[in-house]
Amino acid sequence: MLDIKITRTAAPKAKPEDESKLGFGKIFTDHMFVMNYTAGQGWHDARIVPYAPFQLDPATAVLHYAQEIFEGMKAYRTADGTIQLFRPDCNAKRMQDSADRLCIPPIPEEDYIQAVKAIVDVDRDWVPHSDGASLYIRPFAFASDVGLGVHAAKEYIFCIICSPSGAYYAEGINPVRIYVEDDYIRAAPGLTGFTKCGGNYAASIKAGELAEEQGYAQVLWLDGVEKKYVEEVGSMNIMFKIDGKVYTAATVGTVLPGVTRRSCIELLKDWGYEVIEGKLAIADVMAAARAGKLEEVFGTGTAAVVSPVKELVWKGEHAYIGDGQIGPVTQKLYDTMTGMQWGRLPDTKGWIVPVEKVY
Ligand code: COI
């Protein structure tokens with residue numbers, strides 16, 4: 001159990017007045033959680049302090065070699081005022097897997113969850129009140145050693161910041177257009193595709209920019225070896241409903257094991273759908289579209305929730321999905337996930353964790 005010292009801000013910021021204009025990850029709460037790691041001492045000095053910039057030496061390791069990992073979570077306000085989290089244990093475990101791959105000392109699961117609950121509790125007044133808005137939580141850890149040698153650092157910082165946010169896409173729940181990337185790759189076997197490390201996202205920005213210039217919301221990545229099989233989208237996993245069955249890439253090293261992804265798979269199976277986690281060739285997706293069998297495509301992610309896709313373009317060929325509207329299974333998943341998260345539906349799966357008022 002962490003002994004978290006709390007220092008409250010003497011200058012609380014004004015909270016956003018119009019929650020419909022929050023956007024994603026643009027404004028931040030009054031406080032942040034910080035903890036340090038020193039080799040030989042372990043993680044120490046857990047604290048909640050006023051939100052403020054870090055002072056970093058220009059030779060700090062993370063600025064040069066990107067030894068960094070992060071997570072994405074949300075806190076939701078229910079109608080009765082309860083503040084709750086969604087499957088925080090899954091994020092804690094995934095952060096440990098990311099930490100292992102990036103040689104960052106793991107944060108014990110119970111400490112991670114305690115830290116998330118503490119910062120959300122201290123800043124609970126920042127959790128939005130309106131439907132669809134939530135407090136986006138961004139835990140991250142980075143190498144804070146000073147020096148230019150390429151090796152695992154001996155000092156790290158673990159920090160959690162929080163941002164009252166609305167929908168990730170400007171489109172909200174409206175279907176998005178996705179560009180199937182055929183040139184750049186995101187991951188390859190043996191690399192870091194299964195982790196949430198900043199480097200994965202840095203390497204994806206160029207393709208994302210090019211896709212955006214052409215009016216696409218994001219890029220769909222193909223496998224890095226044959227550029228044949230669908231993997232994931234920039235900020236979410238992706239699922240395809242073809243002829244009644246749901247297909248998604250297996251999380252076998254190159255694909256991020258999304259918490260929303262696994263929750264949607266569990267729900268789909270509960271509802272009697274066959275879900276196939278494995279290799280799905282982009283050529284087969286396009287053929288299904290031509291045959292009128294590509295019924296629904298949707299992304300899943302903490303930030304994106306369940307996000308319908310209305311169009312894919314691959315090598316100049318366009319696949320239009322359904323009638324450009326959100327499909328029934330996508331809608332049911334969205335309603336069920338957000339229903340549980342915002343407390344409108346009972347938590348039949350044991351996924352919801354309330355944040356008690358302690359501080
Ligand atoms: C999330 O869904 O929480 C993510 O971390 C995706 C992010 C890159 C916006």
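The domain bounds used below come from an automatic or database domain assignment. The model is predicted.

Q: Between which domains does the ligand lie, and why?
A: The shell around the ligand includes Phe70, Tyr136, Lys196 and Thr302. Both domains give residues to this shell, so the ligand lies between domain 1 (5-167) and domain 2 (176-341).

Q: What share of the accessible area of the ligand does the protein cover?
A: A polar side-chain atom of Lys196 lies 2.8 Å from a ligand oxygen atom, and a backbone N or O atom of Thr302 lies 3.3 Å from an oxygen atom of the ligand. In the side chain of Tyr136, an N or O atom is 2.6 Å from a ligand oxygen atom. Of the 280 Å² of accessible area that the ligand has on its own, the protein covers 91%.

Q: What is the volume of the largest cavity?
A: The space taken by the ligand is the largest pocket, while the structure holds one cavity of 30 Å³ or more. Thirteen residues line the largest cavity, and Thr302 is one of those closest to its centre, together with Lys74, Tyr76, Phe86 and Gln341. The volume of the largest cavity is about 110 Å³.

Definitions and conventions
Residues are numbered from 1 along each chain as its sequence is written. This is a predicted model: local features need pLDDT of at least 70, side-chain atom pairs count only at pLDDT 80 or more; totals for chains, interfaces and linings use all residues. Side-chain values use heavy atoms; hydrogens and water are left out. A residue is near a molecule or strand if one of its heavy atoms lies within 4 Å of it. A polar contact is a pair of N or O atoms within 3.5 Å; within protein, one must be able to donate a hydrogen and the other to accept it, and residues adjacent in sequence count only if both atoms are side-chain atoms. Accessible areas come from the Shrake-Rupley method with a 1.4 Å probe; for residues, only the protein chains shown count as cover. On a 1 Å grid over the protein atoms alone, a cavity is a set of points where a 1.4 Å probe fits but cannot get out, and a pocket is an open set with protein on both sides within 12 Å along at least five of seven lines; lining residues have an atom within 4 Å of a point. A molecule sits in a cavity or pocket if more than half of its atoms lie within 2 Å of its grid points. Grid points are joined across faces, edges and corners, and a volume is the space filled by probe spheres set on the points.
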